[in-house]
Amino acid sequence: MKLNREMKVALFFICFAIFYLVMTTQIQTKDLYSTVGLNSKSMPKLYGVLMIVLGVILFVTSYLKQRKQTAPEEKKPVTMIKLFGRDVPRGKVYLVASILLFAFYAGTYSLLGFVLSGFIYLTLMILLLTPQRLKSRKTTIFTALFSFVFVYALYLIFTRVLSMMLPRGMLG
């Protein structure tokens, strides 16, 4: 069996999720009220298990798709973007932009708060990854509204339902 790119990505995420789950054992909990239920390890463990499940699903679907293909697939030409006068592959530009946006989110999380930094991050990431042919004023407005509703709903779930404090930042 030859591993294609999707299968390699799936294996990477499965390995990363296993490492992530091992690291969650080092999270300290201060469970003052009971020994069962949600604590500070619950969500990270859930994320780790979900990453493993999604990685396995990606691996299996990629394997099944690879088995169905009989003819070799033609490689698509790499789309180039002009950046500072040089032609650069679009994928590399998107990767660097995604890393910079995540660094912005991590750096402003405490200062701006969860809602504001999450809204800016999610909006910009969706706009970055939206294909050019689908970009319009309407989709930009929808993206901003979706991002705000999604991030605010997450904030309410964590603060009201799970009683976990998130940084409020400038919004007080």
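Buried means under 20% relative accessible area, exposed over 50%, and partly exposed in between, with a 1.4 Å probe and protein chains only. The model is predicted: local features need pLDDT of at least 70, side-chain atom pairs count only at pLDDT 80 or more, and totals for chains, interfaces and linings use all residues. Residues are numbered from 1 along each chain as its sequence is written, and side-chain values use heavy atoms, with hydrogens and water left out.

**Exercise 1.** Find the buried residues of helix 1 and say why they line one face.

Solution. 
1. Helix 1 has 20 residues and spans 28 Å from its first C-alpha to its last, close to the 28 Å expected at 1.5 Å a residue; the expected span is 1.5 Å times one less than the number of residues.
2. Its buried residues are Met7, Ala10, Ile14, Ala17 and Thr24.
3. Seen down the axis of helix 1, these buried residues fall within an arc of 105°, so they line one face of the helix. The arc is that of the directions from the helix axis to the C-beta atoms.
4. An α-helix has 3.6 residues a turn, so residues three or four places apart point the same way.
5. The buried residues of helix 1 pack against helix 2 (42-68), where contact means heavy atoms within 4.5 Å.
6. On the face turned away from the buried side, helix 1 carries the exposed residues Arg5, Lys8, Phe12, Cys15 and Phe19.

**Exercise 2.** Classify Phe13 as buried, partly exposed or exposed.

Solution. Phe13 is found in helix 1 (residues 5-24). Its relative accessibility is 37%, so Phe13 counts as partly exposed.

**Exercise 3.** Locate Leu127 and list which residues it touches beyond four places away in sequence.

Solution. 
1. Leu127 lies in helix 4.
2. Because its relative accessibility is 22%, Leu127 counts as partly exposed.
3. Not counting residues up to four places away in sequence, Leu127 touches Lys135, Thr140 and Thr143.
4. Leu127 and Thr139 are twelve residues apart along the chain, and their C-alpha atoms are separated by 8.8 Å.

Terms used: Helices (H or I, at least four residues) and strands (E, at least two) are DSSP runs, numbered from the N terminus.
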